[in-house]
Amino acid sequence: MRLKPTSKPSRWHFLVLLLGLGWGLLQVVAASVPVETRVQAVLVWGTDEAKSTAKNLKEVDAKLREKLGKIFKWQNYFEVSRKTAGVTAGKPHTLKLSDDCSVEIKILPENLAEVKLIGKGKTIVTRRHSLAKPDALVLAGDDKNNTAWFVVLNFN
Amino acid sequence: MNTEMKLQALLDGELDARETREIEALLTQDTKSAALMQELKWTKGAMVGNEAEVKLPESREFFWSKIQRGIEAGEKQAAAAPAGRAWWLKLLYPATGLAAMVAVMFVVSGGRTTDDADSESVPEDVNAVSFRSESEKMSVVYVADENGNFSPVSEEVKNAPEADK
């Protein structure tokens, strides 16, 4: 492309300017529209006991079982409860996973999520998790009789 | 300087006294040189007062106005030269504006966070260890309640017989 050495603004100048303005407008609109983040929380119980002792619980799906099994030592992982919600930025959303356990999720600016694990009304841990990476967030702890609990959170 | 040149110099009065004496002595002895000197004198005499006057084909004012026009044309060419590179300058202005807009939008949007943004806080009676499994794409926070009384999975759920379902 060869531009003529003219003092009048050519249509290329207007095109560049128009594209810039359009892009800027899109950014402003995108920033002003509240984005809902889908959050899935799964409460999991990990144990070495035989499956028959937890007959009312189903095993977690194979993919999650494989992931947990590669990190943790327990033989079996049972899904206790599963909750899904759409969380709007700036508004905290609470998911109740059991009588004694819930998670409060808040989407923060800068692509962050703040997750509070609440047990018996008390905040056990507050975690700030970057949503820039595809990682699942796992909050976990020891349970009685050499078992463990896991709260697996997925964001998308 | 040969003899002819010396004769011409003598005629023009450009020789010093010694050279003048030498050439004058030569002229008395050498008839050929004397004849040449005589011819040169005649030629000079014919030239003096008879040189053709060269006249300009145009008036003085017109001649100088031509020079002025030439200067002005040169200046115009010099002024036109930056216009040749002005096309990129004209592109530069909207491009700079666009870049500034991008920078402003980046600042407004706050950019994007990295893994460094991950952090956790726990009460005093709770310990926490966090780590990340790159292969399993999992960020794990493992908490240990010193009192050991937190269990989100109730005993009823753990030990419920099949009939309770």
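Which residue of E5(A) does A:His93 stand opposite? A:His93 stands opposite A:Ile105.

## Model and conventions

This is a predicted model, in which local features need pLDDT of at least 70, side-chain atom pairs count only at pLDDT 80 or more, and totals for chains, interfaces and linings use all residues. Residues are numbered from 1 along each chain as its sequence is written, while chains are lettered from A and ligands numbered from 1 in the order in which they are written.

## Chain A overview

Chain A contains 2 helices and 9 strands; these are DSSP runs numbered from the N terminus (helices H or I, at least four residues; strands E, at least two). Their sequence pattern is α-β-β-α-β-β-β-β-β-β-β.

Of the 156 residues in chain A, 31% count as buried. Buried here requires 20 or more other C-beta atoms within 10 Å of the residue's own, with C-beta atoms placed from the backbone. Contacts (C-beta atoms, placed from the backbone, within 7 Å) were also counted in chain A between residues at least 6 apart in sequence, and 43% of them join residues at least 24 apart.

## The sheet of 5 strands

One open sheet has the order E4(A)-E5(A)-E6(A)-E7(A)-E1(B), with antiparallel pairing. The twist from one strand to the next averages 15 degrees. Pairing requires at least two DSSP bridges between two strands.

E4(A) is joined to E5(A) (residues 101-108) by 5 bridges, and the two run antiparallel.

## The sheet of 7 strands

A second open sheet runs E2(A)-E3(A)-E1(A)-E9(A)-E8(A)-E3(B)-E2(B), with mixed pairing. Here the edge strands are E2 (58-59) of chain A and E2 (126-133) of chain B, each pairing on one side only. Between E2(A) and E3(A) (residues 76-88), which run antiparallel, there are 2 bridges. A:Glu59 stands opposite A:Phe78 in E3(A).

## Helices

Helix H2 (residues 62-71) of chain A lies across E1 (36-47), E2, E3 and E9 (147-155) of chain A, together with E2 and E3 (138-145) of chain B. H2(A) runs at about 60 degrees to E3(B); axes are lines fitted to C-alpha atoms, for helices over the stretch in contact, and angles run from 0 to 180 degrees between N-to-C directions.

Helix H3 of chain B (residues 31-47) has 17 residues and should span 24 Å at 1.5 Å a residue, which agrees with the 24 Å between its end C-alpha atoms. The expected span is 1.5 Å times one less than the number of residues. H3(B) lies largely in the open, because the number buried among its 17 residues is 1.

Notes
Buried ≥ 20, exposed ≤ 12 C-beta atoms within 10 Å, placed from the backbone. Contact = placed C-beta atoms within 7 Å.
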